Structures are given as structure tokens and as C-alpha cells.
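Work through the exercises below with the structure open beside you. Try each task before reading its solution.

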Amino acid sequence: MDELTRRPAAPSDADDAAYSIQPGDAVELGRPVHVNRYTVGARINHWVTAISLILLAISGMALFHPSLFFLTGLFGGGQWTRTIHPWIGVVLFFSFAGLFLRFWKANLWRREDSAWVARPGDVLSGNEEKLPELGKYNAGQKMVFWGMSLLILVLIGSGVVIWEQYFGALTSIPQQRIALLVHASAAVAIICVWIVHVYAAIWVKGTMSAMTSGQVSGGWAWRHHRKWLRALVRRSGPPEKAPAE
Amino acid sequence: MFPPIPNPSTAAPQPARFGDADLHRRSASTLKAPLPLENEVAKLIDVSKCIGCKACQAACLEWNQLHEEVGTFNGSYTNPPDLTENSFTLMRFTEWVNPQTDNLEWLIRKDGCMHCADPGCLKSCPAPGAIVQYTNGIVDFDHDKCIGCGYCIKGCPFNIPRVSKVDHKAYKCTLCSDRVAVGQGPACQKACPTQAIVFGTKAEMKDWAEGRIKDLKSRGYSNAGLYDPPGVGGTHVMYVLQHADQPSIYAGLPDNPRISPIVEAWKGVTKYVGLGVMGFAALAGALHYMVSGANRVTPEDEENAEKLAEGKPVGHHGA
């Protein structure tokens, strides 16, 4: 029998990670093993969102602090920056909605996520052998996902209230003042979440290819998302023959 | 009668009395040497002398070469119903029954920019130099620099600026800074047939107001007074009110105007804390990388993955 039935974890463990398998996720046998993590649709969706978020951060910060006003030059001046920023926000909102529909299920909170969060020292030191086996996403990624989801809702909501050109007449000035403060604060928060997201991708080597070629190495999946890898292997069943022959 | 400002001379044009070199404040900018407010000017609007003729409204449109849309009747003499990007000033008519005398009083207030000493519009503006405050106290918009965001509207305690739907720039009363610069009074003041609007230095206007208030008190308006609200540091447009104890009866003139604390928080602490927090997050990442190094996949990880995929036994997790 293979090791799946002999390992000490509960037998339902691999099935338990099935929730985090998404369309297109698959193991490609070979040496090394490759794992398909993101479909081309998911990657395009991600990068449209990413570019929108970066443009929004730059144009937003230009209007947030006078020392950054020069950044409006990247958008063709202050009037253009003011015009284009909310429209990019609309693009981001719908683009992220696509990501949300793709990823929400795999980002549902699990028992092992609480255990993972309870050991921040091992997380930050990369001692993953001391952490529970994880599905497609770890608790940090899930917090980024839910943080982004919540903050984007807050930002689009407050953003519409202060979109003077089309919606300025729909709300009172005191409401718009609150919206401005909420929008600025949420923007600071989402930029921090974005920094965590980007930094994690830089720190954990082998991650970037998931969003470029769509694949990660088997070793990467083994190291960081073993439960997901096990579930993928189990789903595809044991190979008939030795591979790569 | 307040001595009228003489007509302009036909002699060779005089140099402007103030300009871009005389700034007390500049939006989204740190002035190297901000000049103090001095020789402050003020417009005094004596509500008790206003007859509601709207000559000031017409003169304002004419001087600024603007046109107002032909509107509709809304049950009030107030026309247009609100300030617009064209109507920098507006006569607001209120029919008020004085509870003490049971008399109907027709309160007519000329609404428009108050030219606050502590201008909320200027403090909210994100575009460097789009709003300036001259040393004489006039708060003026520089439309070449305006980006049309409408932050000034949120910053203003009096709900004055309006963003044009045509050129997407904010407009409001300039206190006729172009006329004042050549020694003239504002167009509205020039047009007023009853001297309900007078213009001069702020000190002169306060003196003049004092006489007017004394007169009103002698006529039974015991609460007559000057509206120069301290919450915004005083204003460079002041009102003489018959009932200065309750400014809000004059079509919602704020009783205690001040820059909203939400606006102060947004433009104050949020600006610095926000940049600080974002900077800290980036710095923490850099430090973490330096301390713990990259998190790399090992050859054993790859081997284990291959074994797992091929259905071969793998060393136990954590063993």
C-alpha cells in the first residue's frame, strides 16, 4: 500500500483538503514533479487586478499626501488622475469579483489554519515541518484574501460616495467627509495587505511561477501545501506505470 | 453713509497691490516664508439694510462674465435655488416669524464664500497651489491648478464651492481679488444700492458694524450683532445680523462654524500615520528577509513530492 494509508494523520485528511482543489489544479508526473496551480484565466484575472491595484495605489497616494502629488504626472496630470482613479477602481472591483468567485471556497477557514496562526514564530522562521499540513492556501494567504475582499468592498463603497463627478449630489457633505476618512484609511490598510502579499511571494522562493507559468514544483507544493498535494495525488490515483518512460 | 470707494483713475495703470508674492497660505504646499496676515480686507454685509434686489447677484455674474441657466420657480424668491459654479453669490430669502413679537421678518442673506482666516477648502485641497490665501485674507482658487476632486467642498464649513460639470474645476467667490488688487471694491459692493454691502479693511468694517449694531439695538433689536465666527479664525466676509444670537435662522448660516474634526483627522494625523504605517510594512519585510533569508524548497522536498506522486513510500511528516 502507498504511504497515504500508512501515515499517522487521520485517514480523512486528504479528503479534507479536497475543498481547496480548484479547477485546473493537477499533478504532472515527472522529475521533478510539476503541479498546475493556476489556469491561464485565473492568471489573467490576477494580473488585471494586480495592475489595477498598483495604478490605484499610485494615483490614490498622489492625492493623499502633497509630497506624492508629483505622481499625478504618470497619469497625465491632476485632472487626469482625478478622472481615471475611480474608473480603475471599477475595473478592480469587477476583476477582483472574478478572483473572489474563483478562490473563495479554497480560502474558507479550517482548523489547521488556527493552529498555523498560533505558531507565528515557526511561520516567520519558515519551520514548516513544525506546522500543520495545509491545503491550497495557508492562513496568511487566507487572511490576505479575506482582507482584500473586505477592504475592496469598503473602498468601492466609500469611493462611490466621494466620486464627485457622478455621485456628488447623492450624499450629504458630512457623509462624504466620513467616506473620505474611511477611504483613505482603508487604502492604507489595503496597501499594507498588498505589501504582505508581495513580500510573501518574494520570500517564499518558487511562488512567482504560480502566477506566471501557472505551475509550481512538486517540492514547493510538498513543502508549503502538502495536504493539497496529497489530495491532488489521491484524486488522480496511483500511476499505472513509472512515469517519464 | 460709508464713504464710497472712488472710481478707478484714468491715469496709467498702477501695479497690482498684491499678487502671488503675497501668500499667507498655499494648498498642499509648505511655504518657505509664509507672510503674516496684514492689512486684512473685509466685506461687511448688513442683512438689516438689504432690500433683496439681487443687484449684487447680477453684478457678480456680469463682472465674472458668467451666465446662469434660466431656472424654474420653486416657491421662493431665492433664485437659482442654490449656489452654482456660475452664481458665486446668492440671495437667500427666509420668512421668519419672530416668536417674541409675532411679526413676520423677511431675512435676506447674501450667501457666498466667507473667506475664512482658517480656510477648510485650502486645507483639504490636494493640488499644490490650487487654493491660496493672500496676506490680505482673500482665499482664491487658481483654476489652472484645480483638479476637480471636490475636496474643497468637503472641507468648507459653509458649503460654498461648486465643481463645474463643464470644465470640472471648483468655483466660488473670489472677493473680486482682481478688482481689489487695483484698489476697487468687489462688484457686488459697487452695485449695492443701499450700502448693505460695504468694503474696506477688516478694522474699518468692524468699526462700521459697531455703529450699525448700536443703531439696530436702539430700534429694539437687542440681539443685533456681528457675525465673525471665531471657530474659523474669523472671516473676511462678515454679516451684521438683527438676531446674531441665532445665525441659523438666516437660511442655515452655521451657528458655530469650524473645520469638521473628520476633515482635520483626514488631513492631519491620517496623512502622517498612513505614510508611516505603509513605510513600516515595507521596512518590516526588508528586515525579515535580512534576518531569516529566503524560504527555499530543498532537494528533499522535490524527492518527497516525486515519491508521493509515484505512489512510493515517503518519510513521515515531521518525523
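A salt bridge is counted when a side-chain nitrogen of Lys or Arg lies within 4 Å of a carboxyl oxygen of Asp or Glu. This is a predicted model, and a search of the whole structure finds 24 salt bridges over all chains.

**Exercise 1.** Find which parts of chain B the salt bridge between B:Asp118 and B:Arg25 ties together.

Solution. Start with the distance: the N to O separation in this pair is 3.9 Å, and the cut-off is within 4 Å. Next, locate the residues: B:Asp118 is in the loop between β4 (104-111) and α2 (120-124), while B:Arg25 is in strand β1 (residues 23-26), so the bridge joins parts 93 residues apart in sequence.

**Exercise 2.** Decide whether B:Asp118, B:Arg25 and B:Lys123 are buried or partly exposed.

Solution. Buried means under 20% relative accessible area. B:Asp118 has 16%, so B:Asp118 is buried. B:Arg25 has 23% and is therefore partly exposed. B:Lys123, with 33%, is partly exposed.

**Exercise 3.** Describe the salt bridge between B:Asp215 and B:Arg212.

Solution. The closest N and O atoms are 2.9 Å apart. Both residues belong to helix α6 (residues 202-218) of chain B, where they are 3 residues apart, about one turn of the helix. B:Asp215 is partly exposed at 25% relative accessibility, whereas B:Arg212 is buried at 13%.

**Exercise 4.** Which residues are linked with B:Asp82 in a network of salt bridges?

Solution. The network links B:Asp82 with B:Arg92, B:Arg109, B:Asp111 and B:Arg162.

Notes
Residues are numbered from 1 along each chain as its sequence is written. Chains are lettered from A and ligands numbered from 1 in the order in which they are written. This is a predicted model: local features need pLDDT of at least 70, side-chain atom pairs count only at pLDDT 80 or more; totals for chains, interfaces and linings use all residues. Side-chain values use heavy atoms; hydrogens and water are left out. Helices (H or I, at least four residues) and strands (E, at least two) are DSSP runs, numbered from the N terminus. Buried means under 20% relative accessible area, exposed over 50%, partly exposed in between (1.4 Å probe, protein chains only).
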